[in-house]
Amino acid sequence: MKIKFIAIDLDGTLLKDNRISTGNEEAIKMAIERGAQVAIVTGRVYTSPRFYMEQMGIRLPTIAGNGAVIVAPDGKVRVVRPMPEEKAREILKVCDEKDLAYHFYDQDTYYAKTYTSVLLEHLKAGEDEAAGFQTSLNISRSCMERAIQRGQGITKIVVDVLDRSKIPEVRRIFQDLKGVEMVQSGSRSLEFMAVGVNKYSGLELYLDSIGISMDTLCAIGDYENDLPMIKNAAFGVAMGNAIEPVKEAAQFITKTNEEDGVAFAIHEMINRGYL
């Protein structure tokens, strides 16, 4: 097996305390020197990973919004797969009726009706030097109409479930909803994208555009939204801190994100002769 492309999730995978460690950075550069291409594949908006690329001094392609937005290494948005407007309105209507907190995104902006604890956490995370690379904010009672007027399309809706024990209950509310993808990307949120949009399908589109076979793909991640790419990659890697379904789908379980698990996985591929 030869690995020519490595897809790496951010949160819970590449990042430790919202930073890329020296060990992970050096391993990524080593993989690139050995001929592999590397991409950031994240649920975040595409502007967010720019900070980490600046930190490493390299430009990488980004698959953002769980596969909804594909950005080339030069920073240009190449593909956007938004949710149909009527489907987005349907989800938000249910949220309003059930008094569920939510926010949503277009390509680069965070929309919400009010300031919530989730938003305050988001702002706090952006207080450091990464702030200039984070999303723009649009907080308004008419946020949906503002997003539609902006014309970029809604790429992802996030239902915030602060009491994680209620996740199964909230899943049941939306279980009969058709025409969207629903996935859990963390312990306190459910995310909705257009049907067919996930990290793996985003990678398929990008790799096809640059002529790289999916048979040479390594994918590294930790949570449910990483499952499609890990399950279908030639070499799927689960973080040591990954949820059990991800570990079960992977060909290799690396160390945790606190222990430079990405670097450990890259060195494992080198030892196996994959890189």
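**Exercise 1.** In which sense do strand β1 and strand β14 of this predicted model pair, and over how many bridges?

*Solution.* Step 1: locate the strands. In this predicted model, β1 covers residues 5–8 and β14 covers residues 217–221. Step 2: read the pairing. The two strands pair in the parallel sense over 4 bridges. Step 3: pick out one bridge. Ile-6 has Cys-218 as its bridge partner in β14.

**Exercise 2.** Find the strand, residues 235–238, that also pairs with β14, and state which of its residues stands opposite Ile-220.

*Solution.* Step 1: the strand at residues 235–238 is β15, and its pairing with β14 is parallel, over 4 bridges. Step 2: the residue of β15 opposite Ile-220 is Val-237.

**Exercise 3.** Decide whether the residues of β14 are buried or exposed, and treat each face separately.

*Solution.* Step 1: recall that side chains in a regular strand alternate between the two faces of the sheet. Step 2: sort the residues. Leu-217, Ala-219 and Gly-221 lie on one side, Cys-218 and Ile-220 on the other. Step 3: apply the cut-off, since buried means under 20% relative accessible area. The residues on both sides are all buried, and both faces are covered. Step 4: conclude. Because 5 of the 5 residues of β14 are buried, the strand is largely enclosed by the rest of the structure.

**Exercise 4.** Describe the surroundings of Ile-220 and the core that includes this residue.

*Solution.* Step 1: list contacts, leaving out residues up to four places away in sequence. Ile-220 touches, among others, Ile-6, Ile-8, Met-229, Val-237 and Val-262. Step 2: turn to the core. The largest nonpolar core has 54 residues, and Ile-220 is one of those with the most contacts inside it, as are Ile-6 and Leu-203. Step 3: find the main contributor. Helix α11 (residues 261–272) gives the largest share of this core, 6 residues. Step 4: note that another core, of 23 residues, lies apart from it, with Cys-95 and Phe-104 among its members.

**Exercise 5.** How many cavities of 30 Å³ or more does the whole structure hold, and what lines the largest cavity?

*Solution.* Step 1: the search finds 1 cavity. Step 2: the space in the largest cavity is about 30 Å³. Step 3: its lining includes Arg-44, Val-69, Tyr-105 and Lys-156. Step 4: by type, the lining divides into 3 nonpolar, 4 polar and 3 charged residues.

Methods:
Residues are numbered from 1 along each chain as its sequence is written. This is a predicted model: local features need pLDDT of at least 70, side-chain atom pairs count only at pLDDT 80 or more; totals for chains, interfaces and linings use all residues. Side-chain values use heavy atoms; hydrogens and water are left out. On a 1 Å grid over the protein atoms alone, a cavity is a set of points where a 1.4 Å probe fits but cannot get out, and a pocket is an open set with protein on both sides within 12 Å along at least five of seven lines; lining residues have an atom within 4 Å of a point. Grid points are joined across faces, edges and corners, and a volume is the space filled by probe spheres set on the points. Ala, Val, Leu, Ile, Met, Phe, Trp, Tyr, Cys and Pro count as nonpolar, Asp, Glu, Lys and Arg as charged, and the others, Gly among them, as polar. A nonpolar core is a set of buried Ala, Val, Leu, Ile, Met, Phe, Trp, Tyr and Cys residues joined through side-chain atoms within 4.5 Å. Buried means under 20% relative accessible area, exposed over 50%, partly exposed in between (1.4 Å probe, protein chains only). Contact means heavy atoms within 4.5 Å. Two strands pair if DSSP finds at least two bridges between them.
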